[in-house]
Amino acid sequence: MRAVAIARPGAAEVLEEREVDDLPAPGEGEVLLEVAAAGVNRTDTVQRQGGYTLPPGASPYPGVECSGTILALGANVPPRWAVGDQVCALLNGGGYAEKVVVPAGLLLPVPEGVSLTDAAGLAEVACTVWSTVFMTSHLSPGESFLIHGGSSGIGTFAIQVAKYLGIKVFITAGSGEKLAACKGLGADVCINYKTEDFVERVKEETNGKGVDVILDNMGGAYLQRNLNSLAVDGRLFIIGFMGGTVTEVNLQPMLARRLTIQVAGLRSRSLANKARIISEVEKNVWPAIVSGKVKPVIYKTLPLSEAVEAHKLMESSSHIGKILLIPVHDW
């Protein structure tokens, strides 16, 4: 089969589409998918650079989400799944390929009204958003929510889910085009981080109170300002370190306002934990997608052979929403 391999750690050019050994038959509780499309994520670029330790047993090929059609079932797969079903999936890796083996517990049905291709952009963002700010930070209707990187794949999805649940949404982004896109998705307060102080704007819009929950992809560079932006009993959830992992911080606001800092990734979680997240996402998020209230935001689709260009686009941060790779099947 064809897959994208990482020739060595480095820049986007180290990605090579090549012929690789076919996959073994799916094992117990697993299914074999013909990949229709794979989502491109920041974790893929970190893996390519050599900055990510793969989970045990993970595919060496990048790609942590995809959509596709079930080709074969392993033993003891739940009866809800059958050969020919169209699904999207959370992966331990291997999405940048024509086929991938997936534990059945990490499958989701393609929501009615969403194309098989576009469904490739759902699993990672839905599971990230739901497992962090909802399952862990317990963001609730009537609260306020600040999303950094509002125009990213995660950001565009988080805006829609939060608005669906009756939450006031603040976002930061770095251009007029991105701010307009976030506004169009329902964001209430859109802040240009290049020209505005988001702490001041948050305080202004909340009468000095601050927001209840922040979803942050910057880490160290924003830590102090995030703490300063939170309301009493506020929760900061960090999912990325684009602004570094080391900083000096005054912790006094945490004590004064009972603040909580939470940090977690998705890929390193156990299969059982991911399966629980998948189940919660299907229960709580899928109805919003089926109803048309939440939609995948797809910026660009590229053939699998153009993975280098996809990674360059991801790292340019010029995109709004998701980038997808499409295998060209020869069989």
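## Packing of α2 and α3

Helix α2 (residues 123-134) packs with helix α3 (residues 153-164) at an angle of about 60°, and their axes are 9 Å apart. The model is a predicted one. Two packed helices are described by the angle between their axes and the distance between the axes. Angles from 65 to 115 degrees count as roughly perpendicular and those under 35 degrees as roughly parallel; α2 and α3 are therefore oblique to each other. The crossing in which α2 passes α3 is right-handed.

On the α2 side, the contact is made by Val-125, Ala-126, Thr-128, Val-129, Trp-130 and Phe-134. On the α3 side, Gly-153, Ile-154, Phe-157, Ala-158, Val-161 and Ala-162 take part. By class, the residues of this contact divide into 10 nonpolar and 2 polar, with no charged residue.

## The cavity

How many cavities of 30 Å³ or more does a search of the whole structure find? The search finds 1. About 40 Å³ of space lies in the largest cavity.

The lining of the largest cavity consists of Gly-121, Val-125, Gly-153, Thr-156, Phe-157, Gln-160, Lys-295, Pro-296, Val-297 and Lys-322. Helix α3 gives the most to this lining, with 4 residues. Divided by class, the lining of the largest cavity has 4 nonpolar, 4 polar and 2 charged residues. Val-125, Gly-153 and Phe-157 are among the residues that line the largest cavity, and these residues also take part in the contact of α2 with α3.

## The second largest pocket

The second largest pocket has a volume of about 440 Å³. It is lined by 28 residues, of which Gly-57, Ala-58, Ser-59, Asn-92 and Val-101 are the closest to its centre.

Strand β6 gives the most to the lining of the second largest pocket, with 5 residues. The lining of the second largest pocket has 14 nonpolar, 7 polar and 7 charged residues.

## Surroundings of Thr-69

Thr-69 lies in strand β4, which covers residues 65-73. Leaving aside neighbours within four places in sequence, Thr-69 is in contact with Leu-32, Leu-33 and Glu-34, with Gly-84, Asp-85 and Gln-86, and with Leu-116.

Thr-69 and Val-83 are 14 residues apart along the chain. The C-alpha atoms of Thr-69 and Val-83 are separated by 7.6 Å.

Definitions and conventions: Residues are numbered from 1 along each chain as its sequence is written. This is a predicted model: local features need pLDDT of at least 70, side-chain atom pairs count only at pLDDT 80 or more; totals for chains, interfaces and linings use all residues. Side-chain values use heavy atoms; hydrogens and water are left out. On a 1 Å grid over the protein atoms alone, a cavity is a set of points where a 1.4 Å probe fits but cannot get out, and a pocket is an open set with protein on both sides within 12 Å along at least five of seven lines; lining residues have an atom within 4 Å of a point. Grid points are joined across faces, edges and corners, and a volume is the space filled by probe spheres set on the points. Helices (H or I, at least four residues) and strands (E, at least two) are DSSP runs, numbered from the N terminus. Ala, Val, Leu, Ile, Met, Phe, Trp, Tyr, Cys and Pro count as nonpolar, Asp, Glu, Lys and Arg as charged, and the others, Gly among them, as polar. Axes are lines fitted to C-alpha atoms, for helices over the stretch in contact, and angles run from 0 to 180 degrees between N-to-C directions. Angles under 35 degrees count as roughly parallel, over 145 as roughly antiparallel, 65 to 115 as roughly perpendicular and the rest as oblique. A crossing is left-handed if the near helix is turned anticlockwise from the far one by less than a right angle, and right-handed if clockwise. Contact means heavy atoms within 4.5 Å.
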